[in-house]
Every structure is written in C-alpha cells, then in structure tokens.
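Trainee: I'm new to this one and don't want the whole tour yet. Could you take me through the aromatic side of things and whatever connects to it?

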Amino acid sequence: MVRKIEAPARIPVPGGKLIDEHVGRVNSGDDAISIAHMTAPPGWTEPPQTPEFTEYTVVLRGLVLVEHAEGTTEVAAGQSVVTSPGEKVRYSTGPEGAEYIAVCLPAFSPESAGRD
C-alpha cells in the first residue's frame, strides 16, 4: 500500500533544535523506523544517551559532533555516521549549527533513547 505523508510533524525540544518527523511514531504511526529532518543552532548539545536503536545520520549542512567511548567524531556536510544500540553517545553541533537527516531503526521514542 502506498501512503503519502503530506507534511512532517514538528516535535518540540528544548535548546532551539527543530525536529520535523516525516516517518515515525508521532507523524505516521510507524514503530519500525523513524525518519526526521533536524535543524540545530550553533553550539547546541543534548544529554548523553544510550539508545536501544541504530541511528543513521546524514549531515546536510554544518557540523555534527558525536561523543562516544573512543572520543569525538566530527561529521561534516556530505558525510554520515552510524551509531549502534547500547553505545553511549552525545550529539552536539559546531559553530555554524547543523542540518541533518536522522533515521532510527526501530523508530525513535523518548523511552528507547536511554537519556541520562
């Protein structure tokens, strides 16, 4: 069955980051996958988390920093990063902020994010 999604759902979060979920628990009722367009301001950061999902991040503009056990990985526009379930990570942005697409398998939920 073909399902057209007319528009994303804007999910409010603190710190000035915008989340527009196209596919996922909130906008389309899908729990197997979530696909969201993110825009985060310069210097944005979130608490560390140990998610129960794999996250695939494609950076469209700016710089995303991913802190993990081995250090910090810088992901620039045109690059991607994959984080695994059970791995403690912390996302932030560089001095220009960032715009990126995040795909989570299974779909993101606040409960499965494992935030500290």
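Mentor: The structure holds one aromatic pair (ring centres of Phe, Tyr or Trp, the last by its six-membered ring, within 6.5 Å; planes under 30 degrees apart are stacked, over 60 edge-to-face, the rest tilted). The two rings belong to Phe53 and Phe108: their centres are 5.8 Å apart and their planes meet at 65°, so this pair is edge-to-face. Phe53 sits in the loop between strand S3 (34–40) and strand S4 (54–68), whereas Phe108 is in the segment after S7, so the pair ties together parts that are 55 residues apart in sequence. (Strands are DSSP E runs of at least two residues.)

Before we go on, this is a predicted model: local features need pLDDT of at least 70, side-chain atom pairs count only at 80 or more, and totals for chains, interfaces and linings use all residues. Residues are numbered from 1 along each chain as its sequence is written, and side-chain values use heavy atoms, without hydrogens or water.

Phe53 is buried, at a relative accessible area of 1%, while Phe108 counts as partly exposed at 27% (buried is under 20%, exposed over 50%, partly exposed in between, with a 1.4 Å probe and protein chains only).

Now follow Phe53 to a neighbour. Thr83 touches Phe53, and also Thr54, Glu55, Val66, Val89 and Tyr91, leaving aside residues up to four places away in sequence (contact means heavy atoms within 4.5 Å). You'll find Thr83 in strand S6, which covers residues 80–83. Like Phe53, which has a relative accessible area of 1%, Thr83 is buried, at 4% relative accessibility. Thr83 also has a polar contact: its side chain and that of Tyr91 are joined at 3.1 Å (N or O atoms within 3.5 Å, one able to donate a hydrogen and the other to accept it). Val82 is in strand S6 too.

Leu105 and Pro106 are joined by a cis peptide bond, with omega about -10°. For background, most peptide bonds are trans.

The structure holds five salt bridges (a side-chain nitrogen of Lys or Arg within 4 Å of a carboxyl oxygen of Asp or Glu). One of them joins the side chains of Glu99 and Arg61, at 3.5 Å from N to O. Glu99 is in strand S7 and Arg61 in strand S4, so this pair ties together parts 38 residues apart in sequence. Both ends are partly exposed: Glu99 has a relative accessible area of 23% and Arg61 has 36%.

Another of the salt bridges links Asp30 and Arg3, with the closest N and O atoms 3.0 Å apart. Asp30 is in the loop between strand S2 (18–23) and S3, and Arg3 in the segment before strand S1 (9–12), which makes them distant parts of the chain, 27 residues apart. Asp30 is buried at 18%, whereas Arg3 is partly exposed at 46%.

Finally, Asp20 pairs with Arg10 in a salt bridge whose closest N and O atoms are 2.6 Å apart. Asp20 belongs to strand S2 and Arg10 to strand S1, so the parts tied together are 10 residues apart in sequence. Asp20 is buried, with a relative accessible area of 14%.

How values were computed
Helix = DSSP H or I, 4+ residues; strand = E, 2+ residues; numbered from the N terminus.
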